[in-house]
Amino acid sequence: MELPTLGWQSIVILVVFGVSLLIATYCTYAERVIAAFLQDRVGPDRAGPFGLLQPLADAVKLFTKEEFFPAGANKALFIMGPCLAMITALMSSAVIPFGNVIQFGNNVFNLQGIEVNIGMLWVFGIVSLGVYGVMIGGWASNNKFSLLGAIRAGSQNISYELAMGMALIAVLMISGTLSLREITLQQSVAGEWHFWNIVKQPLGFIIFLVCAFAETNRTPFDLPECETELVGGYHTEYSSMKMGLYLFAEYVNVFVASAVMSVLYFGGFNFPFQYELRDWLVSAQGWELMSAQNLISVLGLLGLFGKIFAFIFFFMWVRWTLPRFRYDQLMRLGWTILIPLAIFNIVLTGGLILGGIIK
């Protein structure tokens, strides 16, 4: 790889990480605004216009709070837990294709951190490592409530990743690739929007969506940290920015889960009539093909972020609408309902492929 191309791609990677952190930061603001709207009360409105500086105030508060280490805690692991949770959350966003290519002269740049032909395996592998941050933090705290939260997180992760993985297998049977970019491009057919995988895999999408709530420890599946039973769960003993890293990691995971669902089931950076718009710009407006394609790529980037923000809103809407499950209900749903449904979805998809109904 030539140095200029490597340099530009490094900038793209840094931008992806920066955008992930920025969105996670303002997810805390959006969470409060949406909660206030749904509960008919006033949300954050003191720090800056419309409370937009509230995330900055929260960051200053977390950075300046006293560092606390509980008695008997393993200090090295106590620090490593939130760091591992944050690093794995950010690493999982590296393979998501946020847009198509942008071309300047002879230079072509992917709007993606890194493109690997096992992108989906990368996401699953990194997300699976993220639970170690929770488990290490809960065990190193020397607190029984924290340890119970960590155990819950581990068992919850195992049960729901099985169903999520099998829901993904049905998509792979249709696409024949693990590359997120290839899966996205296969959902772009000129003149058609109904080639998005949500049309071919509605049951798989529902299974994946439910598992995404469990994977991100969001209500109604936030049993590893539920206040009513475990005080605060795996991060009970954490303070200062170590606590902030756990909270940020959760919102980064929500962002990544929303992006993955948008890519796998809702066409990623594709949008309806994109090819017709490009051809109209070239034929009727006299644009160069490269300029028209660059505009389509930018509009696709904005469209993908629109889908991601819609999913993030849905995550927050559910949190402030549905009650928390009991832990036995949570595990029963994963093992006795979602996994059999995912197996049925694989068999059904295979039958439809053999029958030539879907391709």
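## A first look at this structure

Gln 103 stands opposite Val 108 in strand 2. That pair is a handy place to start in this predicted model.

**The hairpin**

- Strand 1 covers residues 101–104 and strand 2 covers residues 107–110; the two pair in the antiparallel sense over four bridges.
- Two residues lie between strand 1 and strand 2 in this hairpin.
- In the turn you will find Gly 105, which has a positive phi of about 65°.

**Helix 8 and helix 13**

- Two packed helices are described by the angle between their axes and the distance between the axes.
- Here, helix 8 (residues 202–215) packs with helix 13 (residues 327–354) at an angle of about 150°, and their axes are 10 Å apart.
- Because angles over 145 degrees count as roughly antiparallel, helix 8 is roughly antiparallel to helix 13.
- The crossing of helix 8 past helix 13 is left-handed.
- From helix 8, the residues Leu 203, Gly 204, Ile 207, Val 210 and Cys 211 meet Leu 333, Leu 338, Leu 341, Ala 342, Phe 344 and Asn 345 of helix 13.
- Sorted by class, this contact of helix 8 with helix 13 has nine nonpolar residues, two polar ones and no charged ones.

- Val 123 belongs to helix 4, which spans residues 119–140.
- Leaving aside residues up to four places away in sequence, Val 123 touches Ser 92, Val 95, Leu 180 and Val 260.
- Ser 93 is 30 residues from Val 123 along the chain, and their C-alpha atoms are separated by 7.7 Å.

Definitions and conventions:
Residues numbered from 1 in each chain as written. Predicted model: local features only at pLDDT ≥ 70, side-chain atom pairs only at ≥ 80, totals over all residues. Heavy atoms only, no water. Pairing = 2+ DSSP bridges. Axes fitted to C-alpha atoms, helices over the stretch in contact; angles between N-to-C directions. Parallel < 35°, antiparallel > 145°, perpendicular 65-115°, else oblique. Left-handed = near helix turned anticlockwise from the far one by under 90°. Contact = heavy atoms within 4.5 Å. Nonpolar A, V, L, I, M, F, W, Y, C, P; charged D, E, K, R; others polar.
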